[in-house]
Amino acid sequence: MSNALAAHPVLAERAEQIGAMVTRSLEMSIFKQAERDLQESGEAQSLIAELQQKQAAGAEVDAVLDRLEGLDVVRHFSAAQQGLSEVIEHVTKILTATLSGRLDIVLEQEGGCCSSCPSTGCDGVSGSAGCTGSASSCSA
């Protein structure tokens, strides 16, 4: 733990809780299974080894990449990786928006509060669930 977090044990605890929640998410479970499937696929592992050899030799890799990307196990892994990445990106956006006092931006991107609402949301509460997404619904 860094010195900055050591001085703020509650902050460190909350960060660990967020990390644990992401670790327990459905997206993480799907990713871990897809990763195991990829590691257990002899065909995929063979193509990965061939790809690495060709890259090290400076040889053309497009044909190997095409074969690799054509495997179901690789497509599933890529989709699982993208799903997990989206969860992590969403958490990061919320943290960034919260730190900058702009939670309204996150809500707007998700089809929630409109940009004309104050940053505290339509009912004056941060992260307001009361916003209908229209400027006329803002009470502030």
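User: How many aromatic pairs does a search of the whole structure find?

Analyst: One aromatic pair turns up in the whole structure. Keep in mind that this is a predicted model, where local features need pLDDT of at least 70, side-chain atom pairs count only at pLDDT 80 or more, and totals for chains, interfaces and linings use all residues. Residues are numbered from 1 along each chain as its sequence is written, and side-chain values use heavy atoms, with hydrogens and water left out.

User: What makes Phe31 and Phe77 a pair, and why is the pair called tilted?

Analyst: Rings of Phe, Tyr and Trp (its six-membered ring) pair if their centres lie within 6.5 Å; planes under 30 degrees apart are stacked, over 60 edge-to-face, and the rest tilted. The ring centres of Phe31 and Phe77 are 5.5 Å apart and the planes meet at 40°, so this pair is tilted.

User: Why say that the Phe31 and Phe77 pair ties together parts that are apart in sequence?

Analyst: Phe31 sits in helix H3 (residues 26-40) and Phe77 in helix H6 (residues 72-99), so the pair links parts 46 residues apart in sequence. Helices here are DSSP runs (H or I, at least four residues; strands are E, at least two), numbered from the N terminus.

User: How do you know whether Phe31 is buried or exposed? And Phe77?

Analyst: Buried means under 20% relative accessible area, exposed over 50%, and partly exposed in between (1.4 Å probe, protein chains only). Phe31 has 13%, so it is buried. Phe77 has 15%, so it is buried too.

User: Which residues of H6 are buried?

Analyst: In H6, the buried ones are Val73, Val74, Phe77, Ala80, Leu84 and Ala97. An α-helix has 3.6 residues a turn, so residues three or four places apart point the same way.

User: How do you know whether the span of H6 agrees with what 28 residues should give?

Analyst: The expected span is 1.5 Å times one less than the number of residues. For the 28 residues of H6 that comes to 40 Å, and the end C-alpha atoms are 40 Å apart, so the two agree. Just after H6, Gly101 takes a positive phi of about 75°.

User: What makes up the largest nonpolar core?

Analyst: A nonpolar core is a set of buried Ala, Val, Leu, Ile, Met, Phe, Trp, Tyr and Cys residues joined through side-chain atoms within 4.5 Å. The largest one has 17 residues, and Phe31, Leu38, Ala44, Leu68, Leu71, Val73 and Val74 touch the most other members. H3, helix H4 (42-57), helix H5 (62-69) and H6 each supply at least two residues of this core, with the largest share, five residues, coming from H6.

User: Which residues is Val74 in contact with, beyond its neighbours within four places in sequence?

Analyst: Contact means heavy atoms within 4.5 Å. By that rule Val74 touches Leu38, Ala44, Leu68 and Glu69.

User: Why is Ser25 given its accessibility label, and which backbone atoms lie by its side chain?

Analyst: Ser25 is in the loop between helix H2 (9-23) and H3, and at 13% relative accessibility it counts as buried. A polar contact is a pair of N or O atoms within 3.5 Å; within protein, one must be able to donate a hydrogen and the other to accept it, and residues adjacent in sequence count only if both atoms are side-chain atoms. A polar atom of the Ser25 side chain lies 2.7 Å from the backbone oxygen of Val22 and one lies 3.2 Å from the backbone nitrogen of Met28.

User: How many helices and strands does the protein chain have?

Analyst: The protein chain has seven helices and zero strands. Of its 140 residues, 24% count as buried.
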